[in-house]
Amino acid sequence: MSDHFRNRLMFAVALVLAAIYLFPLYWMYITALKTGSAMFATPPKFWPSEPQWSIYSYVWESRNMGRYLWNSLVIAIGAVSLIAVLGVGCAYVLARYRNIWVDIGLFLILMLQVLPASLMITPIFVGFSQVGLLDTPRFAVILAIAAKSMPFFVVLVRATFMNVPMELEEAALVDGNSRIGAFFNIVLPLARNGILVSAILIFMQAFGEFVYSKSMIQAVELQPASVGLNTFMGPNTNEWNNIMAYATIYVTPILAAFVLLQRRIVSGLTSGALK
Amino acid sequence: MKRILASVTDGKGFDIGLVVLPLAFLFVMSGLPLVYNVVMSFQEVDMFSLGSFLRPFVGFKNYVDLFSQPETRPILFNTALFVSASIAGQFLIGFGLALFFWVNFPGASWLRGLFLVSWVMPGLVVGAIWNWILSGDFGVLNFLLRETGVIDGNIFWRSDPNYSLWAVIIANIWLGTSFNMILLSVGLSGIPKDLYEAAELDGANALQRFWTITLPMMRSTIGAIIALGLIFTLQQFDLFAAITSGGPNNTSNVTQYWAWDLSFRQYDFAKGATISVIMIVFVMFASVVYVRSTRHEVRG
Amino acid sequence: EDVTISVWSLDRDIQPAPNLIKDFNKLNTGIKVEYRQIQFDDVVSEAMRAYSTGQAPDIIAVDNPEHALFSSRGAFLDLTDMIAKSTVVKPENYFPGPLASVTWDGKYYGIPKATNTIALYYNKDMFKAKGLDPNKPPQTWDELVEAARKLTDPAANVYGITFSAKANEEGTFQFLPWAQMAGGSYDNINAEGAVKALDIWKKIIDEKLASPDTLTRSQWDSTGTFNSGNAAMAISGPWELDRMIEEAKFDWGVALLPVPEVGAERSSAMGDFNWAIFANTEHPAEAFKVLEYFVSQDNRMFKDFGQLPARSDISIPPTGEPLKDAALNVFVEQLKHAKPRGPHPAWPKISKAIQDAIQAALTGQMSSKEALDQAAEKIKAVQG
Amino acid sequence: MTLQIELNGVNKYYGSFHALKDINLAIEEGTFVALVGPSGCGKSTLLRSLAGLEKISTGDMKIAGALMTNVPPRKRDVAMVFQSYALYPHMTVEENLTYSLRIRGVKKAEARKAAEEVAATTGLSHLMKRYPRELSGGQRQRVAMSRAIIRHPKAFLFDEPLSNLDAALRVHMRKEIRALHDRLRATSVYVTHDQIEAMTMADHVVVMRDGVIEQQGRPLDLYDRPANKFVAGFIGSPAMNFIPAIVGEGGTHVILDFGATRARLPFTDALPPGTAITVGIRPEHIKIVADGQGAFDVPVGIVESTGSATFIASATQPELTVVETGRRDVASGEIVGLAIEPAKLHFFDAESGTRIEANEARSDAGSIRRLHLAEETR
Amino acid sequence: MTLQIELNGVNKYYGSFHALKDINLAIEEGTFVALVGPSGCGKSTLLRSLAGLEKISTGDMKIAGALMTNVPPRKRDVAMVFQSYALYPHMTVEENLTYSLRIRGVKKAEARKAAEEVAATTGLSHLMKRYPRELSGGQRQRVAMSRAIIRHPKAFLFDEPLSNLDAALRVHMRKEIRALHDRLRATSVYVTHDQIEAMTMADHVVVMRDGVIEQQGRPLDLYDRPANKFVAGFIGSPAMNFIPAIVGEGGTHVILDFGATRARLPFTDALPPGTAITVGIRPEHIKIVADGQGAFDVPVGIVESTGSATFIASATQPELTVVETGRRDVASGEIVGLAIEPAKLHFFDAESGTRIEANEARSDAGSIRRLHLAEETR
Ligand SMILES: Nc1ncnc2c1ncn2[C@@H]1O[C@H](COP(=O)(O)OP(=O)(O)OP(=O)(O)O)[C@@H](O)[C@H]1O
Ligand SMILES: Nc1ncnc2c1ncn2[C@@H]1O[C@H](COP(=O)(O)OP(=O)(O)OP(=O)(O)O)[C@@H](O)[C@H]1O
Ligand SMILES: [Mg+2]
Ligand SMILES: [Mg+2]
């Protein structure tokens, strides 16, 4: 069996797996194109009989999606930056040592994210309103998301730092770098796989964050896309096709962007470093 | 002063600073709300007294009340089942996919990226889609199973008490698989190739290499993923809201959905908080297991 | 300096609140109204959180069963005196159901904003096809079941009827009218009639006259299957009309909810929101003025926004769409029998007890009697 | 004996880099082969190809007569010591050692006994419970070594297995390895930079350069009759001295070219006069004698002593290195005579560097005419 | 000269493992120190402590007079070659080399020039754009080496920097390192297992065993007067031969104990008769002579030749190793005589192994009485 054939075969299998896994995505796409009731039809239709292409422009305009997406982007970038700034160092230290304090730190970090956002929002809202943070609602949401997602980030990035040989950092120290310099020049680039992927995951989460945003951001102009999506949900009505169209518009580009980004997960970043 | 400064750039001070800062941030942002919830579970909470800590103290009354309710036990059982089945499913499928895409065939990295989709789709949309997929009459799952001859009659995934919890588990596994897969991929990429070469020369076949090299070398990643997966699963309630609403008759109800339902549907915040404390205890246990497991990690 | 009044409601751009506010602000009355849209699901929790941190708006729209939650605790302003003096707001103009939902302890704590109810939609084409008279929709429960049996056609993927018995407020919303028609009520939920009602539901589910997914499906999704031709009848409200006109490719009609037996008392559910003013508002008078303006615009409610005003003195103008007009007539008739859920400050818990009972019975885990007895007990405990 | 390992026209490319160039090699069963060559010449690549870890680009490779193209490494039954050790970081020393046995289903007690035996010979007994990260460099290398020799494979592949060990341990290990090889009658391929290892352990030495096999044969054959200048310089330490020279008139003597000065060495072979050649003299074949007593005189350059031997470099261009046993009291700058055994001279083509075979009828020993430096000019 | 590196009572524990035991060391500025010792004796640990990578447990360490306890590595201005290389895997060779310069703010062009120069001497010029994973073992080691020598630090720390290089390259690098050291007048500490490196490069050799410094001093002093049996055996390759012996009656001769047989060597020192001692003879100080012509006769055991030298082991217990230059035609089993220079004998206490100083009045060379094997019994 030649390599070429094996590659072909693997690719075919991968396509099938992806097709299965991506089915919900496909369903989102075609539901957006179906009329409101066609999606309830038995048997299900895998291609809409009358695709409603106009729905995209309708959804985009009626909800002023540009603004929503912009806000989502601001919030997600803010949250990822904050988390990265605070979390990377923390994860690094937790990976570097092996003692009781690290255990305690890890334990605390895990425990601090145990409550679902829905149970956290009340106390956070109360606290934020008292210190006046609600006057800058997007910033408040960024803070809240950062707190919520940082433990996730720290725990994962810590696991990547575990793979970076200590000797490389030592070599940098002997070469005349400070701890900070060695961290940025050596350790960080070598842990980039994990950091990148964790950051992507955090970004996506923050981009779609809903519970904090809807409570803390009262002005529509500042609300993110996730809140905008819910405007299709009424007391007795759910405009599913619009919801799906809306989701399509915001999922597709992000997905595409991150498919590209995560390709940088290359294996063996540290290979060749040590004897 | 100079000493302190030096320690910040080169010594322990650097490390302590890096940890203390985020921990302090976390403590304020997450720790206090946690405490707030715990305190609330011992109080009588009036929906209009949410803004203050000073509420009538009722001791363990909330706990006693909670455990005297008939649905409590099945819900706790459901939670355990939901969590373990979801994590097992996500992890196994995720690991399988990660291993599959680890074989570096052309296109692997692109396709792997597409699996991130479950992470980026909004919860509302995911819930709705699975709602349709799992629907008894027009559900695609039933349609496919029927067409392929696996089943004769429709399974009412959402509404049959025997299946309802599994309906949510299936959806949740789908949701969590990408998270597992992508992070396990990262973990796999961190294992030095020469270990596999050595093992292969030592006569280990693929399965043996997996058990003796891959798994132990990924210990820290796996530990982290399972610990986080547990926490995520314990927070998952979008899917319950969308697919079964905990029904029928609580057969698919779990603590997190119940806590949410109590707090935000029945406005019984104290009970909601009480349940959350039970969850905290559960996670505490899991965290201890995780932290202990880090003892055996291999440092590169 | 203008007085600023803040208003929260779930209405979005094509719905009343934001438009009325825009019009109001144009009047330059010295009152400036700010609007915030909140999600349907979060109205109460948002309101409570805001209220307890002193950030509550002046005016809010709440769902009618939750009104008592606030009024009973004095969180809403008692409007009785202002209404008495008002030339715009006249209690006698309102349907009794909506009005009851804003009343607590004999006082008015709000003003109904709009209303709706449920009735029986049916597919006339299918009636014809199955030899039923499309102009004689079922009148009683037995007829309903009988019709459903005839209409059910598994081979064609058609159920006789669709409705929602979901484990949330929708389940209660759909079931309560049945119980009430047979002499039950939320505080007498295990009445014999209510048990019978639940038995009928159970029969429908057991015989697969309705999809088993009825237990987990919302009204909107259930009615979707009616629209797509997979159910011959549907119990739902007027919010469906526009979608149905657009998507249902068959002839349909609406009938009053069937009653237990001919001549029995009619009853129906009552939905939609009420306006209220928070008790801690700094400008109660101005806030009331805003409400008065809203009320004064009730006659635009249907024409411009497609919602039914909660008032008996405003007739629904014809839309020129015969199917819709016919349906609306039925709904307006049905509205006369609509009863509020509660009012009771612990309504969510009462409702939860009822949902649990419905689900327990329909999944066969308890008999209808046992399930409703248990619910009654829980409700009693809630009532204290 | 059967041909155990056979390589025919093997080529290996890393991207565009040609790492192995048309390698032809036939190793008989039970042979101990030393693979030597300068750093980066492709030794590890060849070893890894034999193990099946590297896919060869063209050519074919047979082990025990069977084509190996699609045989995975674990089916080849070879044990390998990696140049980079490749220890399993998550296993203790003992687990590292017994890994291959456990994989084969050897019983625990038995595996442990085997591990203890091997550890005893490699001096790891007291480290069995340690993890690789807690070992010194040499200890790690010994674990790598032990991990290979605990097995009884068809072939051993050693990639510089002793480079980080001290002399005593190295001598000991050398013996152990050779004894193991003899006991198992396994074929061994041994990469080393240590001359002594290559010469004393191997039955067959392969010298590589830049991906090409320059020469192969029995160790002393290589030492005595290197096929070209490269092999001559590579085998033997300190390296052979090379001096550019020209065959003198009549073809019976050579004129050594030290830049400023010349020296004349009689030479009985019949080479075309005027041919430009390179003369090679091994350091151990030159003796320091009193000024005027040798073949020619040179000023002394750097003198280094290791205690047991003294390295004396001449201050000439090219420099000549002489090894004398024990201590030798010459000072830098002193003029000394160099006595050269003519039978030990090597001749290479000046251009191509290939060996020019001196015929048996060499000038008799001792008959080299003494020359004064700069006596002769071209 | 100032004391550049000073260690006082330094101890280092890894958990409960005592890796460095009360190390006292004073190294003057500009000295080239070779650190040798068996695998696992603590050489790397000492080097890492000097670099500031390992926190010493007790004792103190001064560099240039300043206490180093709280001085971070980068402030010590030392360059180190790691035993495990520790190359930056995400940087090309060039980037690896220039890293330390770039940190110091050296301009790009300048850094590149420096890198090119170093790469030229280490033979890496054509590999500048490669990543470490694309290099051979020896090439990696050269990168590690080059990375250290590109700098001009106060001190160099080398941890087996040449172990994976071939002989020629090693000779070349040795010269380069020493030249660099001399040029920069930097203090260098050089860990090596290579005897020749230690003896020829170093001004000062430190011999360690099990975390303890056994002896230190000038290379030839260590060779000539090892303080104990361990050092004697460690310095010199092949290692010194040790034979248990007893001082004979009158204290003027020793009786060598070969198990089954005895041999007698006259000895003029006045040692208490009957003292159990160990006699040490270096292989290079024994000459093979005709049967009956030497101090005593032995049967020949294994004979190995590296071309330039022949190692002959006796078939006695203990085994005696003899090194002869060039090829020597003796066959295994043959009986040969061994001529021993009496002045080159070493005596050690049989129990403690410490050196017993032979006074100047040794028996004159050549006067060793010829003995037949088994002539004498206890
Ligand atoms: N992390 C550790 N935990 C326990 N013991 C250790 C650790 N690191 C090193 N050692 C032990 O300390 C001793 C000294 O180690 P070191 O690396 O200094 O040896 P070395 O002299 O450099 O040896 P080699 O020549 O083999 O490199 C060794 O016996 C080693 O096993
Ligand atoms: N992945 C790679 N990409 C490009 N070139 C490579 C790669 N791996 C090895 N090489 C090159 O192939 C050549 C042969 O490498 P190999 O490791 O076989 O050398 P070696 O003979 O073992 O040298 P050493 O004695 O230094 O270990 C080297 O020049 C090396 O730079
Ligand atoms: Mg190599
Ligand atoms: Mg070492």
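How far apart do the closest C-alpha atoms of chain C and chain D lie? In this predicted model, the closest C-alpha atoms of chain C and chain D lie 50 Å apart, and no contact joins the two chains, contact meaning heavy atoms within 4.5 Å. Chain C and chain E likewise do not touch, their nearest C-alpha atoms being 50 Å apart. Residues are numbered from 1 along each chain as its sequence is written, while chains are lettered from A and ligands numbered from 1 in the order in which they are written. Local features need pLDDT of at least 70 and side-chain atom pairs count only at pLDDT 80 or more, whereas totals for chains, interfaces and linings use all residues; side-chain values use heavy atoms, with hydrogens and water left out.

Eight pairs of chains touch, and the most contacts are between chains A and B. This interface brings 100 residues of chain B into contact with 106 residues of chain A. The buried area (the accessible area, 1.4 Å probe, that two parts lose on being put together, summed over both) is about 9,300 Å² for chain B and chain A, with 77% of it on carbon and sulfur atoms. One salt bridge is counted between these chains, a salt bridge being a side-chain nitrogen of Lys or Arg within 4 Å of a carboxyl oxygen of Asp or Glu. A:R179 forms a salt bridge with B:D15, with the closest N and O atoms 2.5 Å apart. Helix α2 (residues 12-40) of chain B supplies 18 residues, the largest share of the side of chain B that touches chain A. Helices (H or I, at least four residues) and strands (E, at least two) are DSSP runs, numbered from the N terminus. Chain B as a whole has 15 helices and zero strands, and its C-alpha trace spans about 75 × 65 × 30 Å along its principal axes. Of the 300 residues in chain B, 63% are buried, that is, under 20% relative accessible area, with exposed over 50% and partly exposed in between (1.4 Å probe, protein chains only).

Between chain E and chain A, the contact takes 29 residues from chain E and 24 residues from chain A. The area buried there is about 2,100 Å², of which carbon and sulfur atoms give 58%. On the side of chain E, E:R74, E:P89 and E:H90 lose the most area to chain A, together 24% of what that side buries. Two salt bridges are found across this interface; the side chains of A:E170 and E:R48 meet in a salt bridge at 2.7 Å, N to O.

The magnesium ion (ligand 3) is coordinated by D:S44 (OG) and D:Q83 (OE1) at 1.8 to 2.1 Å. Donors are N, O and S atoms within 2.8 Å of the metal (3.2 Å for Na, K and Ca); water is not among the atoms, so sites may look incomplete. D:S44 lies in helix α1 (residues 43-51) of chain D and D:Q83 in the loop between β6 (78-81) and α2 (93-103), 39 residues apart. D:S44 counts as buried at 18% relative accessibility, and D:Q83 is buried with a relative accessible area of 14%.
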